[in-house]
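User: Please take a close look at one helix of this model, and describe how its sides differ and what surrounds it.

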Amino acid sequence: MSDHTPSRRAALEASVRKYRGFWDTQRALSALRDAGHDPQPKHTRQILRDLASGGLLVKVEDRPVRYRTEPMDPGL
């Protein structure tokens with residue numbers, strides 16, 4: 001990975017926290033481009049997995065992979 005990955009991760013994390021909702025690779029790529037980065041899909045998917053491992057995102061769909069910012073409330 002390039003030396004700029006930590007700044008891409010920080011930029012994507014900030015976007016996820018700000019906009020919340022559902023996230024997939026395309027939305028993440030757009031958010032990173034909007035933040036002035038030139039992201040690669042492979043690295044962007046890894047950042048999404050890292051954010052999920054850290055608890056910020058929850059995987060809700062496998063194919064295509066989609067994440068959500070908070071877990072669904074089973075009581076609803």
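**Helix α1 and its surroundings**

Helix α1 (residues 5-19) has 15 residues and reaches 21 Å from its first C-alpha to its last, close to the 21 Å expected at 1.5 Å a residue, where the expected span is 1.5 Å times one less than the number of residues. Helices (H or I, at least four residues) and strands (E, at least two) are DSSP runs numbered from the N terminus. The model is predicted, with local features needing pLDDT of at least 70 and side-chain atom pairs counting only at pLDDT 80 or more, whereas totals for chains, interfaces and linings use all residues. Residues are numbered from 1 along each chain as its sequence is written, and side-chain values use heavy atoms, with hydrogens and water left out.

The buried residues of α1 are Thr-5, Arg-8, Ala-11, Leu-12, Ser-15 and Val-16, buried meaning under 20% relative accessible area and exposed over 50%, with partly exposed in between (1.4 Å probe, protein chains only). They cover an arc of only 135° around the axis, which puts them on the same side of α1; the arc is that of the directions from the helix axis to the C-beta atoms. An α-helix has 3.6 residues a turn, so residues three or four places apart point the same way.

The face turned away from this buried side of α1 carries the exposed residues Pro-6 and Lys-18. On the buried side, the residues of α1 pack against β1 (22-23), α2 (25-34) and α3 (41-53), contact meaning heavy atoms within 4.5 Å. After α1 comes Arg-20, whose phi is positive, near 55°.
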